[in-house]
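Subject: Structure handover

Hello,

I am passing on the structure we discussed. Please look through it before reading my notes.

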Amino acid sequence: MPPPPTQPPEIVPPPSLDDVQFIERLGAGLGAGRFMARLQGVDAPVSLLIEHAPHTGRHDFIEWARRLAQVTHATIPRLVRVEDVLSPAYVAFDHVPGRTLAEALDAADPAHPLSPLDALSITLQVASGIRAAHRQGLTHGGLAPRTVVLSERPGAADGVRITGWVPCPEPLDEVVRKADVKAIASMLHHLLTGMVPPSEMLEQRRGETSRLEGNGGRFDDIVLGWEDARRDLGGLSPLVTQLLERADVHADIDRLIDLIVPYYRRLLDEEYAEVDAALLQTQTRAEELARWQRQERELESKLRWVKQWLREHADEVAPTAARLGRLEQRAQKLRNVELEMGMLLDRRLPPTTRPPRPSAAVAALEPVPTTPPRPYDPPAPAVA
């Protein structure tokens with residue numbers, strides 16, 4: 001007999017609230033879940049969390065929301081409204097548009113989800129927001145890629161907003177605090193390697209991973225070796241190893257941040273070096289191109305001026321060429337006369353008093369055809 005068809009899980013409809021217009025379900029939460037909604041008197045959509053009496057009392061629920069609103073940090077959505085009079089009570093935060101980190105991971109190359117620099121940037125932003133909450137005695141309780149929303153920012157790294165906060169009636173539950181830190185470390189491991197830590201994936205988040213029979217090695221170490229063989233971690237293998245091995249970074253948010261920051265600094269410096277080298281090369285090329293463009297413009301300007309001048313003096317070309325020819329003939333005649341007179345007198349003539357003739361080449365003029373002067377033939381000696 002075939003098995004009976006699987007029934008879809010029942011989705012509890014949202015309660016009816018007079019001043020709330022439900023738009024869509026955002027995910028699980030208290031009451032009927034989390035919703036994107038519109039409130040009367042509020043222009044932008046909000047993220048609505050409705051109280052659930054079996055989980056927490058109304059007073060604790062409202063006090064938690066107000067304590068979270070006092071955490072001033074760029075990654076934490078702003079509290080818009082607290083409804084503590086009507087039933088059920090609810091709290092509304094700014095709705096954060098954008099895609100979740102989980103969606104970004106699903107759309108990326110599994111072996112290289114994000115660039116290492118982006119992975120560390122996102123992780124540090126999340127860690128700074130969680131640290132701000134911890135300092136105010138609050139925990140997140142459900143931190144995961146699906147609760148991290150990314151938004152593109154021109155000229156900056158993707159912005160990060162942390163959603164899906166779980167109400168915590170008790171101030172700073174130690175178990176949940178450590179779970180928050182471990183979730184950030186797990187998230188970074190996933191961003192760098194494309195997989196969650198093997199101990200979480202295969203051993204149900206046990207605090208101490210089991211040993212394999214035979215070599216006594218840690219399971220995470222062995223799987224990490226397999227992953228290193230097919231993934232280039234860009235020099236971040238030591239960071240990934242410490243995320244798996246160091247229990248102290250899973251227990252304290254500042255230690256985790258201190259572990260990540262040096263690698264982030266190094267990646268920034270490497271990126272700077274690459275960009276600076278390319279920028280210098282491109283600037284040099286751009287300056288060369290600009291120099292030739294300036295010369296081209298200067299030559300074009302000069303050429304326009306020359307063409308204009310020639311157009312204005314075009315009627316002078318032929319007469320000037322003809323006159324030049326006549327003057328050259330006269331100059332040659334004078335040289336011939338001078339040479340002949342010296343030979344007849346059989347003596348040198350006194351030095352010339354005329355200034356030296358300037359040499360000027362007139363290449364722009366086409367020479368006017370003229371009869372070239374005959375070479376000088378000295379007179380025959382007289383017959384006695």
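The notes below cover salt bridges, one histidine and a surface patch.

Please keep in mind that this is a predicted model.

Salt bridges. The count comes to eight. In one of them, Asp 254 pairs with Arg 131, with the closest N and O atoms 3.1 Å apart. Asp 254 belongs to helix α8 and Arg 131 to helix α3, so this pair ties together parts that are 123 residues apart in sequence. Both residues are partly exposed, Asp 254 at 28% relative accessibility and Arg 131 at 23%. Arg 131, Arg 135 and Asp 254 are linked in a network of salt bridges.

Within helix α8, Glu 270 and Arg 266 lie four residues apart, about one turn of the helix, and their side chains form a salt bridge at 2.7 Å, N to O. Arg 58 and Glu 51 also meet in a salt bridge, at 2.8 Å. Here Arg 58 is partly exposed at 26%, whereas Glu 51 is buried at 12%.

His 140. This residue sits in the loop between α3 and β7 and is buried, with 0% relative accessibility. The His 140 side chain reaches the backbone nitrogen of Leu 143 at 3.0 Å, and a polar atom of that side chain lies 2.7 Å from the backbone oxygen of Thr 163. Beyond its neighbours within four places in sequence, His 140 contacts residues including Ile 130, Trp 165 and Asp 180.

Surface patch. Trp 305, Val 306, Trp 309 and Leu 310 make a nonpolar surface patch of about 430 Å². Val 306 is found in helix α8 and is partly exposed, at 36%.

Regards

Note on methods. Residues numbered from 1 in each chain as written. Predicted model: local features only at pLDDT ≥ 70, side-chain atom pairs only at ≥ 80, totals over all residues. Heavy atoms only, no water. Patch = residues over 30% accessible without salt bridge, like charges linked within 9 Å, V, L, I, M, F, W, Y side chains within 5 Å. Areas by Shrake-Rupley, 256 points an atom, 1.4 Å probe, with all protein chains shown as cover. Salt bridge = Lys/Arg side-chain N within 4 Å of Asp/Glu carboxyl O. Helix = DSSP H or I, 4+ residues; strand = E, 2+ residues; numbered from the N terminus. Buried < 20%, exposed > 50% of the residue type's maximum accessible area, 1.4 Å probe, protein only. Polar contact = N/O pair within 3.5 Å; in protein donor to acceptor, adjacent residues only side chain to side chain. Contact = heavy atoms within 4.5 Å.
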